[in-house]
Amino acid sequence: MFSHLSHLKPKLSQLSLRQFTTLNNISDISLRRSHLYVPSSSDRMLEKSLITNSDIIIYDLEDSVPPAEADKLAARARLAAFLQRGDLPPRDRLAVRVNDVNTPFFLDDISTIASSNRVGSLVLPKVHSADDLDVVSRTLQAASKVASTSLELIASIESARALWNLGAIAAWRPENSLGGTLTTLLFAAEDYCADTGILRSPSRHELLYTRSSIVIAAKAFGLNAIDMVCVNYKDRAYLEDECRDGRQLGFTGKQAIHPLQVDVIQSTFVPTGAEIERAAKIVHKMEREHALNRGATGLDGEMIDKPMILQAERILRIAKAANLDIPEMK
């Protein structure tokens, strides 16, 4: 894990007093880089999920389960039993992808998950409009009359209609907290391509507009943005390239379909050593400039002002959450 940052260790003790104070004034964040799908139709896969270090584990009742009713019911029952175990990861790491609102399995999926206090998030496939989120919210409110568990909602963008309605989806809010809280937009590229007729290529250029639109909508409303699955799960170099591309576009994390993808994702969706060092320099130098009543300064040939301070603080916040080295600046 963190192969390209293996030389970095947590050394907050190296920070100057002023830097330590600044860093602690930066609010903590919860890293949500890798989202690993686990088929709920497999006892073996469920068991193996207990040893993964993925930030988020998604127990899947949808695409990884055969569509026959008997298979769907069996997977739901298997997951319900599994969620009663005492050795599960913390609630904020566990999510369930339910079947979509237009299937006969949706209501019972929601009822089963809402009655458990072990799951923190619902992944909602095929969210085409804010109306679909209203259906989910009302269903959760009804289920919460029995179980008062509040769940975070992850809306999966999978269609041309969803992209057309992206702003309304990202802006959606429930009537009350029992209806769930939208925290994340997630891009399901394969479903989107199937719906639109877009032909995938290794360059990903044909998906640039869609992916950028999802990031912008998410950031506009304070949501996480999770990038598409890398289907070439055995090609590490390609996965690393796709992760770097997603991070550069502004995604906060990426979906995984195989445990081997998790470490690559989690080591890429953090700042590099060079980015951390530059951010620390910016914060340190701007503290000195502010003390002299100056709002901007030069650093390595670049003009540094408030927007760059905000970017630097964000980098340091992520580095702190990932326990990466933040060097001392003098």
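Biologist: Why is C230 called buried?

Modeller: Buried means under 20% relative accessible area, exposed over 50% and partly exposed in between, with a 1.4 Å probe and protein chains only. C230 has 1% relative accessibility, so C230 counts as buried. This is a predicted model, in which local features need pLDDT of at least 70, side-chain atom pairs count only at pLDDT 80 or more, and totals for chains, interfaces and linings use all residues. Residues are numbered from 1 along each chain as its sequence is written, and side-chain values use heavy atoms, with hydrogens and water left out.

Biologist: How do you know whether C230 is bonded to C243 or too far away?

Modeller: A disulfide is a pair of cysteine sulfur atoms within 2.5 Å. The closest cysteine sulfur to that of C230 is in C243, at 7.2 Å, which is too far for a bond. By this rule, the count of disulfides is zero. C243 also counts as buried, because its relative accessibility is 0%.

Biologist: What makes R76 a buried residue, and which residues is it in contact with beyond its neighbours within four places in sequence?

Modeller: The relative accessibility of R76 is 10%, and therefore R76 counts as buried. R76 lies in helix α3 (residues 69-82); helices are DSSP runs of H or I, at least four residues, and strands are runs of E, at least two, numbered from the N terminus. With those sequence neighbours left aside, R76 is in contact (heavy atoms within 4.5 Å) with L61, F105, D108, D109 and T112.
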